[in-house]
Structure formats: structure tokens, C-alpha cells
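Subject: Structure handover and notes

Dear colleague,

I am handing over the structure below, together with my notes on it. Please read the notes with the structure open beside them.

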Amino acid sequence: MDTTSLFSLEGRAALVTGGSRGIGRMIAEGFLRQGARVYITARKAEACDQTARELSELGTCVSLPGDIASPEGMGDVVSRLREHESTLDILVNNAGAAWGAPFDEFPENGWDKVMDLNVKALFFLTQTLAPELREAAAANGHLAKVVNIASIDGMSVNPGETYSYHASKAAVIHLTRKMGLRLIEDGIVVNGIAPGAFASDMNRDARDHAEEIKSSIPAGRIGTPEDMAAAAIYLASRAGDYVVGTTVAVDGGVTWARG
């Protein structure tokens with residue numbers, strides 16, 4: 001048994017959507033530190049470019065800004081990725097949106113925006129890049145990986161009136177199971193991560209009120225970038241090869257404490 005390279009991503013190519021900030025950036029940095037070439041995409045080009053410049057100090061990090069929620073934007077991002085890589089070892093479907101409003105006022109556009117990005121774009125980006133993932137599995141001597149970023153709000157319910165977000169993340173968890181069972185046939189391992197409280201623009205409570213939030217977390221703290229990077233590296237590397245269709249809660253115990 002040789003465990004020395006279990007978590008290595010040396011020489012692998014990864015695409016991280018929503019990679020300019022928050023959880024996406026944590027994962028992108030972790031992959032770079034493990035030896036991967038990392039491509040990040042985000043809707044805001046300036047932020048995406050800036051993050052890529054900063055992370056390039058750690059290795060090869062390329063900015064591919066675009067709106068993957070639209071077919072045209074997704075096609076453009078994929079086209080530019082293909083200018084750099086003929087195969088893709090790792091896809092992290094992290095780009096996401098949330099919307100909050102009272103039940104009686106919840107708008108249809110708030111439903112559609114969240115579902116289109118969190119669920120529809122995740123599925124169709126994976127479908128579009130399936131040829132590159134299959135080729136990586138066939139040619140590079142290791143399984144290809146897809147890591148879908150869900151949320152603990154897809155596993156249990158919190159008081160926030162974020163109806164489409166809760167529904168979308170529950171859908172991601174179940175879709176991860178279904179995709180995992182189908183794509184393992186092609187040498188592509190699909191798993192998910194359900195983050196809890198991590199400081200980000202999407203989770204402003206964890207970012208701005210960490211001391212208050214941590215009192216409700218069994219582990220007694222909010223998540224760190226190392227916590228998120230560790231989970232993603234595990235699933236993306238050889239270490240996670242025998243885990244299929246599973247979504248790992250990385251939340252300090254919150255999901256089980258909710259009951």
C-alpha cells in the first residue's frame with residue numbers, strides 16, 4: 001500500500017465555476033497547492049481576472065469569465081477552456097445563487113434564477129464537458145471527477161425563506177446520486193459537498209457575525225478555507241475514488257444537530 005500520493009492532483013486540469021470568491025476560491029487554491037492546473041469562471045470578469053492573478057502565484061490559474069446560466073455564456077466558457085485543454089480531470093460545479101422573500105411574495109424570477117444556475121447549469125455544463133472528462137479517464141490513468149457543491153440547506157431546513165435555494169440544493173444532492181451511478185460507467189466519479197457556515201458573500205452571517213453563529217455549531221467555529229479545500233481535494237484525488245454519488249456535509253455537525 002502506497003498512501004503518499006493519495007491526495008495529489010499533480011498534473012491534473014480542473015475547472016471551478018464560481019471560482020473568483022468564497023467557497024469556489026477556497027477550492028481553487030487548494031487544488032493549486034496540490035499541483036493542479038486550475039481554470040476559474042465567474043460572471044464578473046474583473047473579479048475573476050483578479051482572483052486568477054492572485055492565485056497564479058501558486059501555479060497555473062486561468063480566468064475564463066462568463067455567465068454559465070445562459071447557453072451562450074456556457075458555450076463561450078467551454079470554447080475557451082478547450083483552447084487550453086483537450087481533456088478535463090476535475091469539474092467543480094460551485095456557481096450558485098440564492099433568493100429570499102416571504103412565501104406570499106416570492107417571485108417567479110427569484111425561483112427561475114436560482115434553479116437555472118444551481119441545478120440546470122450544473123447538469124448541462126457536466127453534460128457538455130463529458131467528452132473531456134471521459135477522455136481524461138481513458139487517457140490519463142486515473143478516474144475523472146465531478147464535485148457538485150450543494151448545501152446543508154438541501155439536507156435540513158433553516159428558518160430563512162429561501163424557497164428556491166432549499167429546493168435547488170436538495171435537487172443537487174439527488175442529482176449527484178443519479179449522475180454518480182450513470183457516469184461511473186464512463187470512469188467519471190460524481191460526488192458532492194454540502195457546506196455549512198463558511199465566510200463568503202453568499203453567507204454574510206458567517207462572514208460578518210462569526211462569533212454569534214459559532215454558538216449554534218457543535219464544532220464551536222465556522223469553517224475555514226482549509227476545511228473546504230480538504231473535502232474537495234479528497235473527492236477530487238485518488239483518495240476519493242471509491243466514493244460514488246455521495247454528498248459530504250462539511251458543517252461542524254450542524255445538520256445532525258438540527259435533527
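Predicted model: local features only at pLDDT ≥ 70, side-chain atom pairs only at ≥ 80, totals over all residues.

Residues are numbered from 1 along each chain as its sequence is written, and side-chain values use heavy atoms, with hydrogens and water left out.

On a 1 Å grid over the protein atoms alone, a cavity is a set of points where a 1.4 Å probe fits but cannot get out, while a pocket is an open set with protein on both sides within 12 Å along at least five of seven lines; lining residues have an atom within 4 Å of a point. Grid points are joined across faces, edges and corners, and a volume is the space filled by probe spheres set on the points.

By these rules the structure has one cavity of 30 Å³ or more, and the largest cavity holds about 40 Å³. Its lining consists of Thr17, Ile68, Asn93, Asn94, Ala95, Leu117, Ala121 and Leu122, and helix H4 (residues 108–139) contributes the most to that lining, with three residues; helices (H or I, at least four residues) and strands (E, at least two) are DSSP runs, numbered from the N terminus.

**Nonpolar cores**

A nonpolar core is a set of buried Ala, Val, Leu, Ile, Met, Phe, Trp, Tyr and Cys residues joined through side-chain atoms within 4.5 Å, where buried means under 20% relative accessible area, exposed over 50%, and partly exposed in between (1.4 Å probe, protein chains only). The largest core has 38 residues, and Leu15, Leu88 and Leu129 have the most contacts inside it; H4 gives the most to this core, with eight residues. Apart from this core lies another, of 32 residues, among them Leu9, Met26, Ala52 and Ala232.

With contact taken as heavy atoms within 4.5 Å, and neighbours within four places in sequence left aside, Leu129 touches Leu15, Val78, Leu81, Leu88 and Leu91. Glu132 also lies in helix H4 and is buried, at a relative accessible area of 10%; with the sequence neighbours within four places again left aside, Glu132 is in contact with Arg82, Ser86, Thr87 and Leu88.

**Charged side chains**

A salt bridge is a side-chain nitrogen of Lys or Arg within 4 Å of a carboxyl oxygen of Asp or Glu, and the count by this rule is eleven. Glu29 pairs with Arg33, their closest N and O atoms being 3.0 Å apart, and because the two are four residues apart in helix H1, about one helical turn separates them.

Asp241 forms a salt bridge with Lys145 (2.9 Å, N to O); Asp241 lies in the loop between H8 and strand E7 (247–250) and Lys145 in strand E5, so this pair ties together parts that are 96 residues apart in sequence. Asp241 is buried at 17%, and Lys145 is buried at 1% relative accessibility. Asp241 also meets Arg238 in a salt bridge (3.7 Å, N to O), and Arg238 is partly exposed at 45%.

With best regards
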